[in-house]
Structures are given as C-alpha cells and as structure tokens.
Amino acid sequence: MDQTSMSTAQLEALTYPEIVANTLDDQGLARRCPLDNGRHEGIPAFDLGDLDKLPLELLSKALVQIDLRSLTDLRRVNQRAMEVVDSIMQYQVIVAHAPNSLRGILAIGTGQWITCQKLYDQLCIADCDHCGAFGGYLYLVTCKRVCFFCFSQVPDYLPLPPSDALQRFGLDRRIPKSVPRFRSIPGCYTREETDIRTRLTLVDSACARQAGIALHGSVSAMEQHATDVASMRRLAYAAKRMLKAEGALIPTPHRPPPAKAYDGRETNPRRFLAIVRAPWLDLRTRSLEWGFHCLSCLYMDDPWQWTAKFTAETFHGHFEECGKKMEVGDCPMRRQYVGWLEYMGLL
Ligand SMILES: [Zn+2]
Ligand SMILES: [Zn+2]
C-alpha cells in the first residue's frame, strides 16, 4: 500500500478514538463547573469604569495575559465585563473547543498560575512537553501538554502532598507561594477505577523540586539536607526517650513519622487528578485534532505502546513499522487480524 493512499475509511478501520483513562474530565466537569457562556440574565449591566476608555483591542491584549482566576472573576462582575472577556479570541477558542480544560483549571483551583494566553498556546502545540510524541492531554497544574505515557510515568507529573514535598525537597515549614498547588475533585480515577472520595491538596512536584534546589544551591545539597533532617529527628527522638526512661520530667516524645515510600506507580491516582483530554488546534489547517490510537498496537498487547496517540500525519509512518511488521506468533487473534488487513488490501 502506498503511504499516501490511506483513505479516511482505512484510517478509521486501523485506529480507535479513545481509551478509558478516567482523568479529571471524566468527573462530570460540565455539571460541576458550568461556564455559563452567553448567559447574561441576572447579571447587572454597568460598564468597566476607566477600563472602558481603552480600545477593545488593547483591553483584550492586556486581559489575555492575566491569570485565569482573575479573568473569570472579572467576567462575573457585570454584563459589560462578560462581553469584553467573551470577545477575547483566545478565550473564545478555549470555550468553544476545549471547555473542559478551563473547567478543570477552575475546578481544581490552578487558575492563578495560568494565563488565558498560556492555555491557548498549549492548545496550539501538538507535542508532549516531555517526550515530543503527540500529546492528547493537558496537565493542568502547570498547563503542559502531555501524552498518556509521560503523565503516567514521569515524576514531574506526579503531584505530591505538601508534607511529602517538604520532606523530599528539603523545604522549610512552608511550600513557597510560587509552587502551584490544587485541590482535587472527588471521583473515579485511573484505568483501574480507583475511588478518591476526599478532596486532596497537592503541589506540583517539578516546581517544588526547583524551589528546593534554589534554596540549597544544588541537587546534592538538597538531598543531603533532606537526609540530615531525617537523621537529626531520629537522634533527637532517641535522646528524649533515653532521658524520659531515666526519669526526666519531659513530655513523652513522639516517634518521628517514617519517611513515606515514594509511590511512583503509573496507576497512582494522583497522576490522573489534574489531567484532561485536549484537542490540538492546528493553526495551519484551522482544524482540531484529538488524536487516535493504533489498533495494531492493541493487538500486539504492548503494555505502553497501545496508549500512544497519533495524528493522520504521524500514523502512516507508524503503521509501516507496526501493522505491517506485526509478529503473529501463535496468537489466533493476531492471525485473524493480519488476515483481515490482507483482505482489506492494507498490507
Ligand atoms: Zn510524552
Ligand atoms: Zn501501532
């Protein structure tokens, strides 16, 4: 088969649109966080005061650079504010084509770290920020485009409880304000359908790590500090216990909590709490691309390859390496599938 001859029908036959990932956008965001676009009833008209003296174009340019929490707060002030925000091109695109990304940001409360322009820019990028493959998802803590493989595997996309971040990165008593944090939405997450019944407060791992490195000067100094603090706590506890045993009038010492084991599993539900599916807005063709999965990869049962997403552009090359070179082995299902590919003239 000539690479360029794959028809839309053939492409559809060789691929499938989605896997059930149970990410944040599967938690009823439209109901939990309605954007109420176009609903002006019940909101006072009024104007924007001195801001109205600016030309609309200039106002839009300024507003697109403010954080999404402030922007959506402003939008609620009155009808005029709503009209102005709704007229921002980037806001219109987000609401029309990726409303769950905005809903997700507002629902978990990361809007103060993300501008409207940043979210729009991420919709216009196709590639995963980490590996460069097609990224069909957004990580809404720092607003980065990611692929399934990376958000399930890479430490940067595993948000941490503040206490874990303090301990791991040798931070003092508080996580710096510059480190994005969020409160999760209760729901059913991961492909294993893990129920998360409470709202968890979590911080971005990569930013917390950077804050630790900045505080200590280097990765090794940060790690050494974290180790030293843990040893000091253990020594202090042992010393107080000894004094208490000898009859000293001191409060009963509390055993320092053991260092929590790092749970980097790909099935850790924390990895799914701030992830939404998001289309790529291809500015060359003015079209939306959600990406799709390769059926041959599914038949090959590769534990990770089948989560990869492709575009019409990248799939041709992939099929040459995957579907056309499928090793049938003694698997009757694969044999049947390859027979079907031959029958369809796809091999
Ligand atoms: Zn990736
Ligand atoms: Zn494949």
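Author: Start with the outward face of helix α3. Turned away from the buried side, this face carries the exposed residues E57 and K61. Exposed means over 50% relative accessible area, buried under 20%, and partly exposed in between (1.4 Å probe, protein chains only). Helix α3 spans residues 56–63, and its buried residues are L59, S60 and L63. They lie on the same side of α3, because they cover an arc of only 100° around the axis. That arc is taken over the directions from the helix axis to the C-beta atoms. Helices (H or I, at least four residues) and strands (E, at least two) are DSSP runs, numbered from the N terminus.

A word on the basis. This is a predicted model, where local features need pLDDT of at least 70, side-chain atom pairs count only at pLDDT 80 or more, and totals for chains, interfaces and linings use all residues. Residues are numbered from 1 along each chain as its sequence is written, chains are lettered from A and ligands numbered from 1 in the order written, and side-chain values use heavy atoms, without hydrogens or water.

C128 counts as buried because its relative accessibility is 4%. C131, at 43%, counts as partly exposed.

Next, the rings. The whole structure holds 12 aromatic pairs. Rings of Phe, Tyr and Trp (its six-membered ring) pair if their centres lie within 6.5 Å; planes under 30 degrees apart are stacked, over 60 edge-to-face, the rest tilted. Y137 and F148 pair edge-to-face, 6.1 Å centre to centre, with 65° between the planes. Y137 lies in strand β2 (residues 137–139) and F148 in helix α9 (residues 148–153), so the pair ties together parts 11 residues apart in sequence. Both Y137 and F148 are buried. Ring pairs link Y137, F148, F151 and F272 into a cluster.

Y137 also meets a charge. The charged end of K309 sits over the Y137 ring, 5.4 Å from its centre. This needs NZ of Lys or CZ of Arg within 6 Å of the ring centre and within 35 degrees of the ring normal.
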